[in-house]
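Have the sequence and the model open as you read.

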Amino acid sequence: MSALFARVFRQARQTFEYTSVSDPKFGTNLNALRRLVDQLTLADIGLDGSLVATDTFQRPTKAPCTYVGVFENDCFAMSVFVLRENYTMPLHDHPRMHGLLRVVSGAVQICSYSELARRDADELLVGVGKGQRHVLVAAEPEKIISSSPGDCALLTPTERNFHEITAIGGPAAFFDILSPPYNTASQPQYYFYRKVPVPRHLAELEPIGSPDKPSPLHDDERPRYVLETIPNPDHYYCDTVHYTPPGFMDYEEGTAPPPPYESATDRPV
C-alpha cells in the first residue's frame, strides 16, 4: 500500500463521514478527494497486475468482470472492478449518490446520462411497461478515460448518475468510491436499464417553472432518452478476489480521521 492511498482513505472519511452534503465545506472536501484519487495506481491499492492480464480472461470459466471489495461502512464504499476487453458493464444507476471513478489500468469508455425530470411510470409512458421505472435523461458526451494522472470521473445525485462502462484496447480496471453505499437501509435499490424511444410529449418536456424563472433545460440541446428498467442482464456477473485491507483502514467508527495531507501544499483549498 502507498502513502497516497492512505491519504485517499482519510480524505474519503473527512468528506463522507464528517461533512454533510449541505455543509459548504462538502464541495471543497470532495474536490480535495478527487485530486488525490486522480493520482491512484493499481500498485497504490496493493493489487497485482495479473488481475488485468489478458491471459486471466482467457480461462473458459472466467467471469467477464472481477469485483474486489476494498472497504465499506455506512457512509461510503471503495471497490475495484476489472472488465474483460470489449465487455460493457450494463447501464445502471447510482441513486442519490456521489461517486468518483478512477481507471487504474487500461482504458474505458463511459456513456453517462443525467436525469432531467422525474415522473411516475403511468404518467411518463402511458400504457407501456406498468410496474417498470422510466426516467427521462440527457446524454452526456462520451468519455474515454485511461490510467493517466488527472483523469478521474465524477458523478453526483443529479449529474452523470446513470452510466455504462466498456473496457477498450484490452482488459481495464477501475477504482471507485460511492457514497452512500448500496447496502444501507436508507439507500434505494439500484436498477439496470435499456434505452427506449422517446415519445413526442417527452421529447419536448420542460419542467414547470414561472415566467420570471426560466427552465434550466430551455436551451439544453443534449440528446434525450427514456431509460426503462430491466432485469439483471444474464451476461453480467462477477467473480470476486479477496482483499486484505491495509492497517490504516482498521479504525473505530466515530473517531475522527487524521489530516489526509502530509505538507502545507497538500491541504485542501
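## The largest pocket

A pocket here is an open set of grid points where a 1.4 Å probe fits, with protein on both sides within 12 Å along at least five of seven lines. The model is predicted. Its largest pocket holds about 740 Å³ of space. Of the 37 residues that line the largest pocket, Phe81, His94, Asp176, Leu178 and Tyr182 are the closest to its centre.

Which elements give two or more residues to this lining? They are strand 1 (65–72), strand 2 (77–83), strand 3 (88–93), strand 4 (98–117), strand 6 (143–146), strand 7 (152–155) and strand 8 (162–179). Strand 8 gives the largest share, six residues. By class, the lining has 24 nonpolar, seven polar and six charged residues.

## Helix 1

Helix 1 covers residues 3–16. Its 14 residues should span 20 Å at 1.5 Å a residue, and its end C-alpha atoms are 20 Å apart, which agrees.

Helix 1 is mostly covered, with 11 of its 14 residues buried. Among them are the aromatic residues Phe5, Phe9 and Phe16. Arg7 and Arg13 are buried as well.

## Helix 2

Helix 2 runs over residues 25–37 and has 13 residues. From first C-alpha to last, helix 2 reaches 18 Å, close to the 18 Å expected at 1.5 Å a residue.

Where do the buried residues of helix 2 sit around its axis? The buried residues are Phe26, Asn29, Leu30, Ala32, Leu33, Leu36 and Val37. Seen down the axis, they fall within an arc of 160°, so they line one face of helix 2. An α-helix has 3.6 residues a turn, so residues three or four places apart point the same way.

How values were computed
Residues numbered from 1 in each chain as written. Predicted model: local features only at pLDDT ≥ 70, side-chain atom pairs only at ≥ 80, totals over all residues. Heavy atoms only, no water. Helix = DSSP H or I, 4+ residues; strand = E, 2+ residues; numbered from the N terminus. Expected span 1.5 Å × (residues − 1). Buried < 20%, exposed > 50% of the residue type's maximum accessible area, 1.4 Å probe, protein only. Arc of directions from axis to C-beta. 1 Å grid on protein atoms, 1.4 Å probe; cavity = no way out; pocket = protein on both sides within 12 Å on 5 of 7 lines; lining within 4 Å. Points joined across faces, edges and corners; volume = space filled by probe spheres on them. Nonpolar A, V, L, I, M, F, W, Y, C, P; charged D, E, K, R; others polar.
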